[in-house]
Amino acid sequence: KGVDVLVLGHTHVVRVDANPPTGPLVVQAGHDGTTLGRVDVELTRAGDRDPWRLELRRGESLAVTDTVAVDSALADFAAPYHEAARAALAERLGTAARDIGSPHGRASSGPLWDLLHAAQLEATGADVSLAALPDPAAVIPAGPVSRRDLLRIYPYDNTLAVVELTGEQLRQVLERSARAFADYTFAADRPLLVPGAAGYNLDGAQGVSYDVDLTRPAGQRIVNLAWQGQPLAADRRLKVVVNSYRLNGGGGYEEIAKAPRLLEHGADVREALAAHVRRLGTLDGATGHAWTVLPDYAPCPERPLLDRLVRLGAVPGDEVLRLFPDEPARRADLGYWLARAFGWRETRLSGAFADVPDPLEPWLDGLLKRRVLGREATQELFQPFAVASLDNATDWCVATARAAGEIGRASCRERVLTDV
């Protein structure tokens, strides 16, 4: 009340309420200097001793393009500061042994997210780290790591803080974060995130392990929550490092804003990252796989095909929640899913392979009966936990398709090989 103009600059989006009939005129110029917000205000008064009165207010957003002329005086004034900033950003802090990014975006922990967590834990000595991933597309390329790289992956001027949370409060924080994900129904063309959900309010954790089961209702999605290899007790007290944005209520995380504060004004997040990189020297890009969404293939390109199998009834949804998409397929996996897709399960067991686990044997016998395994059928051992070769995949897929009456042409192996 009583405010005529608001000039904002926090949410990084362009906003202009040009001529609001009531309330203040609101202008926000976006980010990265790509736009300029302009406000024009006209004031009038009847005489020299009369108060000024607002007569007119206008707002607009002006695009800043390459054709906009440089102000030479301002450029000359800023030149030494610009060069100093460039030199500071070019400071080499360490080396990346390989590209460090987020292969599955915000759908699971990954090398880049883990790097941020590791820096926060190292700087504070906390038990658990909570952090959002500012840009899931950002990558630190293999080679020298500079301050510019750290600014790219973490553009915010946040500092670190430590609060005390119980196990139950941490669970509620993670449940709040998990609300950013859409309900998973195995339907086609559904987004993984709720439309409009702010990615910077989706926190991941390190120091605990857990899964986010998207097939469960919001508020009940955090499963298998563990600390130090054991289920996390609801009354266990943990030191949890967060950033200043979360500490002060950013994102609506009431559990954090109201928690006891053990450290309120810690290091700048980027300085913590710089110190961590300097100490390590070389970043190996390893990840601890602290958490993932379920189904775990949801962020992968194969998602539409697997979801379709569930919709067709070829496999139950609860059996595809955890497929370990980043790990090589084992011979047992390949044989089981081929037989499972067609319901080929025998009740009279052959005992053909001495090394096959009991639950797998009925399914392999289903393949044996239909001559899917080819020359493998004559071997004494099946080697179920050996990595499936490309020849295994193509030969067994072709034989399965033929046994099911799906294809019979001689070129089918080449077609399957192309798909694989």
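Y156 is partly exposed, with a relative accessible area of 25%. In this predicted model, Y156 pairs with Y154 in an edge-to-face arrangement, the ring centres lying 6.0 Å apart and the planes at 80° to each other. Y154 has a relative accessible area of 3% and is buried, because the cut-off for burial is under 20%.

A tilted aromatic pair is formed by F353 and F382, with 5.3 Å from centre to centre and 50° between the planes. This pair links distant parts of the chain, as its members are 29 residues apart. F353 lies in the loop between α9 (331-342) and α10 (361-369), while F382 lies in the loop between α10 and α11 (390-403). F353 counts as buried at 7% relative accessibility, and F382 also counts as buried, at 1%. The ring of F382 has a further contact: the charged end of R331 sits over it, 4.7 Å from the ring centre. In total, the structure contains 10 aromatic pairs. One aromatic cluster consists of W113, Y210 and W291.

Three strands form an open sheet in the order β8-β6-β16, and their pairing is mixed. Strands β8 (143-146) and β16 (282-283) are at the edges, each pairing on one side only. Strand β6 (residues 92-96) runs parallel to β16 and is joined to it by two bridges. T95 has T282 in β16 as its bridge partner.

Helix α1 (residues 72-89) includes A85, which counts as partly exposed at 37% relative accessibility. A85 and R148 are 63 residues apart along the chain, and their C-alpha atoms are separated by 10.0 Å.

Terms used: Residues numbered from 1 in each chain as written. Predicted model: local features only at pLDDT ≥ 70, side-chain atom pairs only at ≥ 80, totals over all residues. Heavy atoms only, no water. Pairing = 2+ DSSP bridges. Helix = DSSP H or I, 4+ residues; strand = E, 2+ residues; numbered from the N terminus. Buried < 20%, exposed > 50% of the residue type's maximum accessible area, 1.4 Å probe, protein only. Phe/Tyr/Trp six-rings, centres within 6.5 Å; stacked < 30°, edge-to-face > 60°. Lys NZ or Arg CZ within 6 Å of the ring centre and 35° of its normal.
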